[in-house]
Amino acid sequence: MTSPATKTVRGMSIPALGLGTFELKGPEGERAIRDAIDLGYRHIDTAIRYGNELEVGRAVRASGVPRHEFFVTTKIWFNDLSPETVARRAGESLERLGFDQVDLLLVHWPTKDVPLGETLAAFADEKAKGRTRLIGVSNFTVALLDEALGVHGADLFCNQVEYHPFLSQQKLLARMRRADMLLTAYQPIARGKVSGSDLLNGLGRKYGKSAAQVTLRWLIQQDRVGAIPRSSRVGNMRANMDIFDFELSPADMAAIHKLACGERYSRFDWEPEWDD
Ligand SMILES: NC(=O)c1ccc[n+]([C@@H]2O[C@H](COP(=O)([O-])OP(=O)(O)OC[C@H]3O[C@@H](n4cnc5c(N)ncnc54)[C@H](OP(=O)(O)O)[C@@H]3O)[C@@H](O)[C@H]2O)c1
């Protein structure tokens with residue numbers, strides 16, 4: 001069986017499965033993040049926009065697990081992408097997290113307000129200064145990646161995008177594989193809606209897993225794909241990690257791919273023109 005518990009891109013290995021932390025805020029949020037760490041989560045996804053970097057930093061420190069064992073991502077919001085603001089926001093994030101360095105700093109959404117090359121140069125600067133180990137983007141389309149990689153030669157580790165059985169990302173994935181980039185799937189269980197799929201429930205019965213577990217397994221079984229499901233409950237967090245002891249057959253992988261129907265749950269007026 002392939003061992004997809006870690007994903008290796010650009011020579012870097014990171015845990016394939018991370019904890020999404022949107023809405024995990026305040027004492028309860030911090031408790032949930034701490035529970036996840038106690039269950040073995042070492043990859044944590046936050047963002048300035050989520051307003052919970054303090055909680056993430058506190059949970060990591062209180063766990064007693066050495067900082068270097070974690071892979072922590074944060075993101076800078078789209079109206080803060082001018083070079084001066086990027087530097088300021090990155091510094092503020094580190095202060096809130098209580099870290100000297102994050103592992104991955106992402107452009108949260110693209111914007112037309114600042115030339116992409118300027119933003120990417122500012123991100124590269126943060127990496128050169130050692131304030132982040134890696135840089136990347138989120139919600140970038142093939143055209144935006146072409147510009148970032150081809151025109152600006154950016155050294156991007158990852159593109160974090162919505163990806164679950166109801167939304168195909170094959171075009172984007174093909175482009176990203178050519179560039180040796182990681183696709184981190186957000187809303188990987190379609191905000192819980194995978195539990196309503198007959199096919200996924202049927203496969204769950206076949207493999208002795210739930211629809212959510214089958215979905216997460218389907219994602220991380222794909223080349224260069226990781227996932228960051230969010231949960232506030234220990235039971236679901238544990239279940240979401242319990243996906244490394246079975247393997248979906250090629251026919252079952254293909255059947256899940258056929259569920260794609262262009263269903264996108266993250267829709268905003270600032271979104272780019274999507275590929276699908
Ligand atoms: N880059 C971006 O623009 C962007 C956009 C959206 C999200 N994200 C990131 O991606 C993460 C995940 O996305 P998301 O939080 O929106 O959606 P999600 O992970 O697809 O779904 C979260 C929902 O699923 C439930 N759930 C979790 N595990 C389950 C299980 N095993 N069985 C049944 N239900 C389960 C959770 O409820 P319980 O709490 O009750 O378990 C929660 O209501 C976010 O937290 C955030 O870190 C990034």
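User: In what order do the eight strands of the open sheet run, and is the pairing parallel or antiparallel?

Analyst: In this predicted model, eight strands make up an open sheet. The pairing is parallel, and the order is E3-E4-E5-E6-E7-E8-E9-E10.

User: Which strands stand at the edges of the sheet?

Analyst: A strand at an edge has a single partner strand, so one side of it is left without a neighbour in the sheet. The strands in that position are E3 (19-20) and E10 (225-227).

User: Which residue in E6 is the bridge partner of Thr 74?

Analyst: Strand E5 covers residues 71-76 and strand E6 covers residues 102-107. The two run parallel and are joined by four bridges. Thr 74 has as its bridge partner in E6 the residue Leu 105.

User: Where does the ligand sit, and which residues come nearest?

Analyst: The ligand sits in the largest pocket. There are 27 residues around the ligand. Those that come nearest are Asp 45, Arg 230, Ser 231, Ser 232 and Arg 233.

User: How do the residues of the shell around the ligand divide into nonpolar, polar and charged?

Analyst: The shell holds residues of each of these kinds. The division is ten nonpolar, twelve polar and five charged.

User: What is the distance from an N or O atom in the side chain of Ser 231 to an oxygen atom of the ligand?

Analyst: A polar contact needs N or O atoms within 3.5 Å. His 108 has a polar side-chain atom 3.4 Å from a ligand oxygen, and Ser 138 has one 2.9 Å from a ligand nitrogen. For Ser 231, the distance to a ligand oxygen is 2.6 Å.

User: How much of the ligand's accessible area does the protein cover?

Analyst: On its own, the ligand has 910 Å² of accessible area.

Definitions and conventions:
Residues numbered from 1 in each chain as written. Predicted model: local features only at pLDDT ≥ 70, side-chain atom pairs only at ≥ 80, totals over all residues. Heavy atoms only, no water. Near = heavy atom within 4 Å. Polar contact = N/O pair within 3.5 Å; in protein donor to acceptor, adjacent residues only side chain to side chain. Areas by Shrake-Rupley, 256 points an atom, 1.4 Å probe, with all protein chains shown as cover. 1 Å grid on protein atoms, 1.4 Å probe; cavity = no way out; pocket = protein on both sides within 12 Å on 5 of 7 lines; lining within 4 Å. Sits in = over half its atoms within 2 Å of the grid points. Nonpolar A, V, L, I, M, F, W, Y, C, P; charged D, E, K, R; others polar. Pairing = 2+ DSSP bridges.
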